Amino acid sequence: MHFQAFWLCLGLLFISINAEFMDDDVETEDFEENSEEIDVNESELSSEIKYKTPQPIGEVYFAETFDSGRLAGWVLSKAKKDDMDEEISIYDGRWEIEELKENQVPGDRGLVLKSRAKHHAISAVLAKPFIFADKPLIVQYEVNFQDGIDCGGAYIKLLADTDDLILENFYDKTSYIIM
């Protein structure tokens, strides 16, 4: 199977993640007894950290850092959701590239949703098809909700390379192989 399209679809469905990490069998060490207190001014620390564009190694099918500040190679969806009023069915959410508001490393940018209560979908094509044969597919992405999230989620959808795949028509019901 060939996978050529990489899709990032933000907004559409609600995700709630709750994680508890409790294990009574795990031994822990009390570091307070042997540790010295160090006062660190967070503003000084963040100004010392310098952002450097990550350089992927190995065979890479897609990597996006948004360091250029442009959406070159990305396609905004122009689709409409089924069975909805015309006004609210269109994928017309606005995207921009900007730095994090909190815990930022100056110069590190990301893709940001700029409109609330809108449908958002954006896509990009892999550099080459991935063939599931003797090697695993590793997908990694980072999500940070700049202003929180009311309803929606952050999804990556990988789709099969098909003749009828049109990037501008990507929407919530587009068939996918991996989400």
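**Surface patch**

I started with the nonpolar patch on the surface, which is formed by Y141, V143, F145 and I149. Together these four have about 340 Å² of accessible area. Patches are made of residues with over 30% relative accessible area and no salt bridge, joining like charges within 9 Å and nonpolar side chains (Val, Leu, Ile, Met, Phe, Trp, Tyr) within 5 Å. The areas come from the Shrake-Rupley method with a 1.4 Å probe, and for residues only the protein chains shown count as cover.

I looked up F145 in particular and found it in the loop between β5 (122-131) and β6 (154-160). Strands here are DSSP runs of E with at least two residues, helices are runs of H or I with at least four, and both are numbered from the N terminus. F145 counts as partly exposed because its relative accessibility is 38%; buried means under 20% relative accessible area, exposed over 50%, and partly exposed in between (1.4 Å probe, protein chains only).

A note to myself on the source: this is a predicted model, where local features need pLDDT of at least 70 and side-chain atom pairs count only at pLDDT 80 or more, while totals for chains, interfaces and linings use all residues. Residues are numbered from 1 along each chain as its sequence is written, and side-chain values use heavy atoms, with hydrogens and water left out.

**Salt bridges**

How many salt bridges does the structure hold? I find 7, taking a salt bridge as a side-chain nitrogen of Lys or Arg within 4 Å of a carboxyl oxygen of Asp or Glu.

One of them joins K135 to E59, with the closest N and O atoms 3.1 Å apart. K135 is in the loop between β5 and β6 and E59 in the loop between α1 (42-48) and β2 (75-76), so this pair ties together parts 76 residues apart in sequence. K135 is partly exposed, at 35% relative accessible area, and E59 is partly exposed too, at 47%.

Next I checked K114 and E98, whose side chains meet in a salt bridge at 3.1 Å, N to O. This pair links distant parts of the chain, 16 residues apart: K114 sits in the loop between β4 (109-113) and β5, and E98 in strand β3 (residues 95-99). Is E98 buried or exposed? E98 counts as buried, with 19% relative accessibility, whereas K114 is partly exposed at 29%.

I then turned to K101 and D147, where the closest N and O atoms of the salt bridge are 2.7 Å apart. Here the loop between β3 and β4 holds K101 and the loop between β5 and β6 holds D147, so parts 46 residues apart in sequence are tied together. K101 has a relative accessible area of 47% and is partly exposed; D147, at 48%, also counts as partly exposed. I also noted a network in which salt bridges with shared partners join E59, K128 and K135.

**Nonpolar cores**

Which residues make up the largest nonpolar core? I list 7 in all: F66, W74, W95, I97, L111, I122 and A124. A core is a set of buried Ala, Val, Leu, Ile, Met, Phe, Trp, Tyr and Cys residues joined through side-chain atoms within 4.5 Å. The elements giving two or more residues to this core are β3 and β5. A second, separate core has 6 residues, including Y91, A121, L159 and Y171.

**Y176**

I went on to Y176, which is placed in the segment after β6 and counts as partly exposed at 39% relative accessibility. Leaving out residues up to four places away in sequence, Y176 touches K157, L158 and L159, where contact means heavy atoms within 4.5 Å.

**Aromatic pairs**

My search of the whole structure gives 4 aromatic pairs. Rings of Phe, Tyr and Trp (its six-membered ring) pair if their centres lie within 6.5 Å; planes under 30 degrees apart count as stacked, over 60 as edge-to-face and the rest as tilted.

F62 and W74 are edge-to-face, 5.7 Å centre to centre with 90° between the planes. F62 is partly exposed at 26% relative accessibility, while W74 is buried at 10%. F130 and F132 are also an edge-to-face pair, at 4.7 Å and 80°. F130 is buried, with 3% relative accessible area, and F132 is partly exposed with 38%. Last entry: ring pairs link Y61, F130 and F132 into a cluster.
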